[in-house]
Amino acid sequence: LLLLLLPALAAAAPGDFDPYRVLGVGRSSSQADIKKAYKRLAREWHPDKNKDPGAEDKFIQISKAYEILSNEEKRANFDRYGDAGESQGFSQQQHRQFHRFHDGFYFDESFFHFPFNSERRDTSDEKYLLHFSHYINEIVPDSFKKPYLIKITSDWCFSCIHIEPVWKEVAQELEALGAGIGVVHAGYERRLAHHLGAHSTPTLLGLINGKITFFHNAVVRENLRQFVENLLPGNLVEKITDKNYIRFLSDWKKDNKPHVLLFDHMPVVPLLYKLTAFAYRDYLSFGYVYVGLRGTEKLSSQYNINVYTPTMMIFKEHIDRPADVVQAREMKKQLIDDFLSQNKFLMVARLTSQRLFQELCPVKKSHRQRKHCVVLFTGEGEKFAEAYEAFLTFAVANTKDTLKFVHVYSDRQSEFADALLMDRGKSAVVILERRNNAGKIAFKALEEAWQGSKEDNFILLDLLDQLRTDPGLLSSETVVADLNDELAPMFLIRWFYSTVDYISDCWDSLFHSNWREMMPLLSLLFSALFILFGTVIVQAFSDSSDTRDSAPSGKEEAAAKTEKNDASFSKESNSRIPKKGFVEVTELTDINYTSNLVRLRPGHMNVVLILSNSTKTPLLQKFALEVYTFTGSSSLHFSFLSLDKHREWLEYLLEFAQDAAPIPNQYDKHFLERDYTGYVLALNGHKKYFCLFKPHRSGDEGGTPGLCEDYNTLQHAEARGKPSCSPGSGSIKNKLHKLSFWMERLLEGSLQRFYIPSWPSLD
């Protein structure tokens, strides 16, 4: 009775009022869509404008629905319990009465110490709750700045309650250090839980750079901290000693970044510093100095470091003195962020990409927010070092919030330099202001080349003073293309890193991922292996059975024995290995005509040689040599046809091949003299078509195999004494020269096909 009463009481609490239906929006609608729907309906049903008798009640419902859905807490309560909290007094009273009722039976939740009730459940996870759209639009992009530790939980999950104290402690600790925390309720966010690959609860995972990694160890504080630390790249913070600090600080010119030194008495780099280095890795390079290590005394004394207090120093263009310093007994994240955000760029940063150009020289938003950039165009090498040093000195003395000093290597950014300079072979200074994101800028260039002299300094300083009062000083305008990314890695390096990441993902999936995800991949892999080895085994058995085949039956045949040395070249050049040491050629007669042609199985072809009694022996010998390498194909059959007996049948077939070899009419005086010996027909009995091979002319070694001139051309050739296709023109065997190439094309299916309506009778 209690089990039946509980869902009945839960279902009786919510009312029939549905704010989503009232406003006509879906449960996944954003606040902007809800507000838009409310304004539209409020204008339509306002009692002052709508005279409908039910307009006032409708307007009240609309206002009530918007009040619920515009408040995230009320909306969440309605989504979970079907009630926004208006009837909470009744629900709580009813809930207390129910508890008093079943407490007498010792069935209270507190008896089991499992806080399944929403009133008793810890609400610390509510601020970390994630929704699908919030995860896709905000959390994933933010994972490129900090790693996220995400927990997937659900109601009635005993293990979730078991890990709750550890999770709460670690979540508060990691959030204070700069890591992101997220909680996904699988019961209400099934789409997001499935997207993350969580098929059970509780599930813990890490997210960094948009990549998901699952946690597989025991849920204790040390393991969770180590898991988050392992998500970070290993080269974020470099260990610095007396031997390498000069090299590290001097890399500012190559990296185009300020360099940060962290001095602390901890032997390992604290997680706070690693998270900070990951967040600012695009702007700063980080090094860590363990002051308790032997080999750091010179470094500590040179910069006067207090070994008992953590110290952070930023070095820019000058490595002998820091540009800024901060010391504190307890380095907090907020203190570090404020310190680093003010020192993200060099004093005179080099424009190496369009992103850096947009950050240092932003587009003006209003006349009061004008920001100008002073750009030094110079070259690389010692030749331009003096001009750069003078420009750096001027920038240090005149840097302001509305003024940024940068420099550009003209050769590396040639399009940008050509748009602003007449001659980019000399050092020059240009004052510019970006007008829009499409590349339009206003600028003014110094008339003389920049040498760094006192006169140059006075001229530039005078222009900057005039610019404060007269923005129209930048009289020239142009449109520049996006800057090249000078520090981007090469394509092969990016491809290599992508391949390494993919292999590591596959390795991790193979040993740690859910088997439900791996099942399709494993199924595909085993299917491919089964097909591969199954084919090899079947082929092996079929080859062994073919070797035990008996000799052919005693049909009427012309068996042309071929020696192995005669066919050695053909065997090497063709993959169809003959299974016998001879070619079985059967004469096509009235008796076997139906079985060997008319009722030939689909996919099979009969290759027929046309010969006469006088040419039978030499032609069969040559025919056997040419087709021997093709006898391994079970779909080919070989026959010969006597021209003396079946000339009319052959001439009837050749009438359908007049495009290739026109046939003279019966009144032609040369009609009876036509010699067809050496012709070869490939007959497909099922599809009723044939392919034609015509004898090769002995005098044309470079001719096309299987082609012969038409009848009129032959007569002119004979009149001039040239060889023709007749047997008397040369060797009879030479007629079948290059028949093997024709057979290759036959198997490829590239020969012309001549179709006939039906096969004529052979008699």
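Predicted model: local features only at pLDDT ≥ 70, side-chain atom pairs only at ≥ 80, totals over all residues.
Colleague: Which side chain does Glu-433 meet in a salt bridge?

Modeller: Side chains of opposite charge can pair when their charged atoms come close. A salt bridge here is a side-chain nitrogen of Lys or Arg within 4 Å of a carboxyl oxygen of Asp or Glu. Glu-433 meets Arg-435, with 3.2 Å from N to O, and Arg-435 counts as partly exposed because its relative accessibility is 24%.

Colleague: How many salt bridges does the structure hold, and where do Glu-651 and Arg-647 lie?

Modeller: The structure holds 29 salt bridges. Glu-651 and Arg-647 meet in one of them at 3.5 Å, N to O, and both residues belong to helix α27, which covers residues 647–654, where they are 4 residues apart, about one turn of the helix. Helices (H or I, at least four residues) and strands (E, at least two) are DSSP runs numbered from the N terminus. Within this pair, Glu-651 is buried because its relative accessible area is 10%, whereas Arg-647, at 25% relative accessibility, counts as partly exposed.

Colleague: How should I read the bridge of Lys-146, and which residue is its partner?

Modeller: The partner is Asp-142, and the two side chains meet at 3.8 Å, N to O. Lys-146 counts as partly exposed at 27% relative accessibility, and Asp-142 counts as partly exposed at 21%. Elsewhere, salt bridges link Glu-169, Glu-173, Arg-221, Glu-222 and Arg-225 into a network.

Colleague: Let us turn to the cysteines: how many disulfides are there?

Modeller: A disulfide is read as a pair of cysteine sulfur atoms within 2.5 Å, and the structure holds 2 of them. One joins Cys-157 to Cys-160, with 2.2 Å from S to S; the angle about its S-S bond is 75°, and the link is right-handed. Cys-157 and Cys-160 are both buried.

Colleague: Is the disulfide of Cys-361 and Cys-373 left-handed or right-handed?

Modeller: The sulfur atoms of Cys-361 and Cys-373 are 1.8 Å apart, and the torsion about their S-S bond is about -110°, so this disulfide is left-handed. Cys-361 sits in the loop between α18 (354–360) and β11 (372–378), while Cys-373 sits in strand β11, so the pair ties together parts that are 12 residues apart in sequence. Cys-361 is buried at a relative accessible area of 2%, and Cys-373 counts as buried at 1% relative accessibility.

Colleague: How many aromatic pairs does the structure hold?

Modeller: There are 19 aromatic pairs, where rings of Phe, Tyr and Trp (its six-membered ring) pair if their centres lie within 6.5 Å, and planes under 30 degrees apart count as stacked, over 60 as edge-to-face and the rest as tilted. Phe-690 and Phe-754 have ring centres 5.5 Å apart and planes at 40°, so the pair is tilted. This pair links distant parts of the chain, with Phe-690 in strand β22 (residues 689–693) and Phe-754 in strand β23 (residues 754–755), 64 residues apart. Phe-690 counts as buried at 0% relative accessibility, and Phe-754 counts as buried at 7%. Besides that pair, Phe-391, Phe-394, Phe-405 and Trp-450 form one aromatic cluster.

Colleague: In what order do the strands of the open sheet stand?

Modeller: Two strands pair if DSSP finds at least two bridges between them. The 4 strands of this open sheet stand in the order β2-β1-β3-β4, with mixed pairing. At the edges are β2 (180–185) and β4 (211–214), each having a single partner strand, so one side of each is left without a neighbour in the sheet. Strand β3 (residues 203–208) runs antiparallel to β4 and is joined to it by 4 bridges, and Ile-208 stands opposite Lys-211 in β4.

Notes:
Residues numbered from 1 in each chain as written. Heavy atoms only, no water. Buried < 20%, exposed > 50% of the residue type's maximum accessible area, 1.4 Å probe, protein only.
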